[in-house]
Amino acid sequence: MPHSNILLPSWHLEDVSRDLNEQEAAAILNAYAVAVHPWMVALCRAVPHWTAAPSPGEIDRDRVVILPEPSRKNLPTGWLAQAEETGVIVLNVTADREETLQAMRSHSRLRELLQEQLQEAGVGEVSLDTAPAQEDLFSALGTVYLLTLLLSQAMYHYDNIDETQFCEELIAAAEAAIRQQGDETETKMASALEQLLESREKFYPVEAHLIDLCLLNGPAKAEDIDAVLQADHTVNLLCSGEQAAELAAQDPEAIARLKAGIEQEQVAILGGEYEDVATPLLPLQTLRYQLEKGRAAYLEHLGVQPGVWMRMRFGLSTQLPLMLQKIGINNAYHLVLDDGVYPDEEQSHYAWEGRSSNIVQTISRIPLSVENASSLLKVPERMADAMNHDHLACVVLARWPQLKQPWFEDLIRIQKISPILGHFSRLDSFLQDTEDSGHQVNNDQRHYQSPYFDQWVGQRRKDTLSRVADFWKLQEAHNTLSWLENTKALLSGQSADESVASRERTVQELAVELKRDAIVDCEEQTRQQMEQAAAGLVEKITARGTDQDCAIILNPLSHPRTAVVSFPLTGPAGEKRVPKIGAAVKHVQVDSDQVHASVQLPACGFAAIDFQPADRFRPPRVKAPLAGELFLQNEFFHVQIDPKTGGIQRLRVHGSNETLLSQRLVYRLDGDVGTVPRGGANWPQSSYEPRYSVMVADSVELVSTGPVQGEIRTRGRLVDPSSERVVAEFEQRFVVARGVRSLQVEMDIQPKTDLAVRIDRSYLAARFAWASSAARVSATLQQSQFVVGEQRIESTGPVEVDDGDHRITLEPHFLPLHHRTAQRMLDSVLVVQGESRRSFRYDVAVDAPHPATVSAEANTPPLVVPSKKRPTTDAAWLYHLSAPSVQLAGVGPVSFPESIPLKEEEQGRPLFQFDFLETEGQHAVTRLGLVRRPRKAWEVDFTGKVLSELEIQDDQIVFECLPCDYIRVVAMC
């Protein structure tokens with residue numbers, strides 16, 4: 001009886017899944033399709049074993065050798081020619097399956113031997129001119145048989161297949177196929193597959209899962225949807241809300257077919273957001289908006305919300321679990337299909353815990369592409385890894401909708417009969433029905449870095465950094481405008497202003513492209529509307545006041561503050577006037593054309609400022625000037641200006657000689673050229689010793705000594721030390737104010753040479769250095785603090801340096817990119833290639849108790865509104881929050897008023913929706929006071945679901961904030 005062998009190009013079976021190109025891998029898979037072909041099984045009465053091509057064995061006449069193309073080069077010299085001369089049947093296998101099978105069918109000696117063997121077996125006369133029944137099923141078995149062998153090797157089980165029973169059933173199936181008995185073939189094949197399944201269950205006796213992950217490349221098309229729906233198994237389709245909406249608009253019949261497929265559980269939708277926006281760099285309001293808009297699109301067009309969050313572009317952050325739970329999504333795929341850095345430890349199922357202790361069930365397995373054969377050969381290795389580490393058999397297979405690839409079809413065909421390698425499963429069902437790894441994963445934000453800055457610079461998009469910073473400014477302006485309009489409505493006893501929702505849509509749609517010109521234009525319009533809204537609010541505040549010229553100072557922030565407010569020295573009637581020092585105004589400074597006043601403002605409230613003729617003003621004596629030659633100071637700190645560089649030589653607190661901070665401007669000159677590795681045990685070996693400019697001051701000017709604010713201005717150059725070439729010119733303005741913990745640093749910088757494309761090696765930056773190498777450095781992203789890493793930092797909020805004795809808060813005014821160039825040094829990047837912005841501002845706060853308040857005060861100045869009427873009180877708050885770490889993030893109309901459980905007599909009462917953010921990672925029980933007594937209040941999620949009715953104590957709404965929480969409260973007044 002003829003016997004057969006498969007000659008593999010390696011000494012070990014598991015090596016066939018490694019180091020093979022696509023054509024070679026396809027040939028190996030096709031070799032096993034030939035090996036279990038009905039003709040081969042009926043001829044040899046067994047499944048061929050494999051042999052290493054370097055040691056092919058004896059040369060016997062009528063021996064059948066299945067020779068994949070990659071094995072040919074590994075045969076001993078002359079062996080193939082000698083074998084063919086002796087009468088060995090050599091079946092050459094290529095990457096083309098049909099070509100290979102056709103060559104086998106046309107081999108005359110093989111056909112002759114097969115007829116003889118069939119006669120001996122009692123099969124009788126059959127025609128070999130007709131392909132056997134279910135021929136594709138045998139080819140599929142070959143693929144799965146090889147993968148099962150590889151899986152057993154990967155699991156260190158080497159003799160696990162009961163070949164006797166398996167071969168008996170397979171031979172019976174092969175003979176039935178040759179006789180064209182289709183039903184009998186399927187029956188016998190099912191028995192053979194059952195034997196193969198039992199063999200696999202010997203080393204892993206639990207259910208295995210295959211996740212078919214289908215990705216849409218661009219807009220969804222009808223042919224893509226039809227291809228997905230043709231599958232006989234559950235397909236997990238990644239589809240954004242935008243793709244669903246576009247498909248519904250372009251082809252309503254196709255979206256209807258997809259919706260029907262979802263209802264019949266043929267398709268499970270993955271997604272969440274409407275579009276893949278750069279949300280990790282933007283406010284949490286942007287992520288919320290995208291999730292809300294996406295949810296609405298999914299429900300409208302598909303009838304369901306995605307069961308698992310996933311997106312094509314980078315969108316991971318530690319705040320994501322919180323936001324997903326708020327929108328009703330309890331599962332996530334922790335994966336980046338784009339560029340970017342993230343914790344990529346692979347797990348099949350675990351509990352991902354966000355910053356506020358919210359948990360979503362998560363998978364982080366990197367998918368295998370089934371677009372090619374080489375990836376398919378890695379399925380056993382990946383499944384074995386999941387079995388060994390997660391105690392779950394799970395492999396994710398990624399593809400495009402219209403994939404035409406025989407080996408993936410093989411898996412599908414066999415899975416219909418027997419789940420040898422696993423069932424095709426819905427990803428959401430897999431995460432809900434299986435047990436997680438037993439521990440919660442709480443990743444640090446410093447381990448996530450988005451690719452957007454590198455991509456934008458690489459794409460030659462302008463204003464890489466400013467587009468992000470300007471959007472944050474627009475968000476702050478929108479928040480202020482919403483506060484003004486809705487505070488007026490609250491005072492008037494009306495419901496919230498409905499225009500807030502439409503204006504938010506306008507703002508958030510700009511986050512998609514982040515075009516700076518459009519963002520700046522929208523911000524200008526918003527600030528014009530702020531002036532009108534502020535005037536309207538002041539009119540309401542002063543409605544019962546007395547006729548008297550004054551100025552009303554509005555504070556939109558949810559905490560009290562001391563601020564410097566400037567007025568023109570000349571009044572509206574041409575008279576010279578200055579503010580009166582009193583309850584709100586503590587100090588006044590008169591310059592040539594302006595008056596500066598230090599004003600104390602209540603939280604979310606106002607203060608009334610009276611004026612007096614300038615000639616009657618007698619400034620009070622102050623003990624010490626705020627500025628002098630080369631120094632600035634107030635009651636909180638002392639700053640020394642370096643006459644050689646024009647930067648901060650030394651910042652210290654009074655009574656101490658310890659230098660807390662120094663500052664200068666730098667131009668990194670490495671460009672795209674390699675650098676020399678830095679030594680030292682305390683710094684990563686991957687860091688480099690960069691080359692920087694030298695800062696040279698040309699002038700230092702004392703501008704103002706107080707009593708409200710002191711100012712020093714410096715001008716100079718940045719010089720390349722190697723060539724003494726001027727690479728940039730600068731002007732810096734340092735301002736310190738009485739009663740304010742922050743030093744204001746304004747920078748104007750003009751590059752004289754072009755920057756290179758590498759944003760980590762070619763940039764202009766403000767460099768800050770501190771004394772303690774053990775200081776804890778934290779940054780802020782998506783309005784929550786995190787401890788930074790050792791090199792690149794993405795942070796749109798304040799950076800805090802805490803050495804245990806003092807805290808320095810660096811407020812970058814939303815500049816998003818920083819490099820920690822040493823343990824005690826930070827470069828806050830100002831300009832990279834393509835950046836047109838040249839003027840910047842930094843605020844440096846000393847021992848500020850709450851970094852978020854430093855940022856809010858720096859970016860939201862008080863609003864000054866002239867008024868002909870004076871209110872009955874000097875100052876008053878309109879809202880009040882008891883927890884300083886909790887910030888008011890928005891106020892407006894209720895998103896889902898129908899979900900609020902109002903009694904019949906309560907219908908029509910004013911309703912307001914408040915959004916709050918906890919910014920410091922602290923648990924806080926917060927009290928919200930309103931100018932009108934709240935009657936009822938509820939906490940709701942982003943879907944409108946009422947989570948709880950809140951308690952009202954002493955006319956204040958009491959609610960609980962978890963660390964880094966995003967809370968939505970609806971109040972009835």
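Predicted model: local features only at pLDDT ≥ 70, side-chain atom pairs only at ≥ 80, totals over all residues.
F453 and W456 make an edge-to-face aromatic pair, with 6.0 Å from centre to centre and 80° between the planes.

## A stacked pair across the sequence

Now for W472 and F814. Their ring centres are 5.4 Å apart and their planes are at 20°, so this pair counts as stacked; the cut-off for stacking is an angle under 30 degrees.

Where do these two come from? W472 belongs to helix 19 (residues 466–492), while F814 is in the loop between strand 39 (807–811) and strand 40 (817–822), so the pair ties together parts that lie 342 residues apart in sequence. Both partners are tucked away from the surface: W472 is buried, at a relative accessible area of 4%, and F814 is buried as well, at 3%.

Altogether, the structure has 14 aromatic pairs. Some rings join up in a group: W483, Y879, F912, F914, F916 and F959 are linked into a cluster by ring pairs.

## Charges over rings

Rings can have charged neighbours here as well. Look for K293, whose charged end sits over the ring of Y274, 4.1 Å from the ring's centre. Then find R767, which lies over the face of Y692 at 4.0 Å from the ring centre.

Methods. Residues numbered from 1 in each chain as written. Heavy atoms only, no water. Phe/Tyr/Trp six-rings, centres within 6.5 Å; stacked < 30°, edge-to-face > 60°. Helix = DSSP H or I, 4+ residues; strand = E, 2+ residues; numbered from the N terminus. Buried < 20%, exposed > 50% of the residue type's maximum accessible area, 1.4 Å probe, protein only. Lys NZ or Arg CZ within 6 Å of the ring centre and 35° of its normal.
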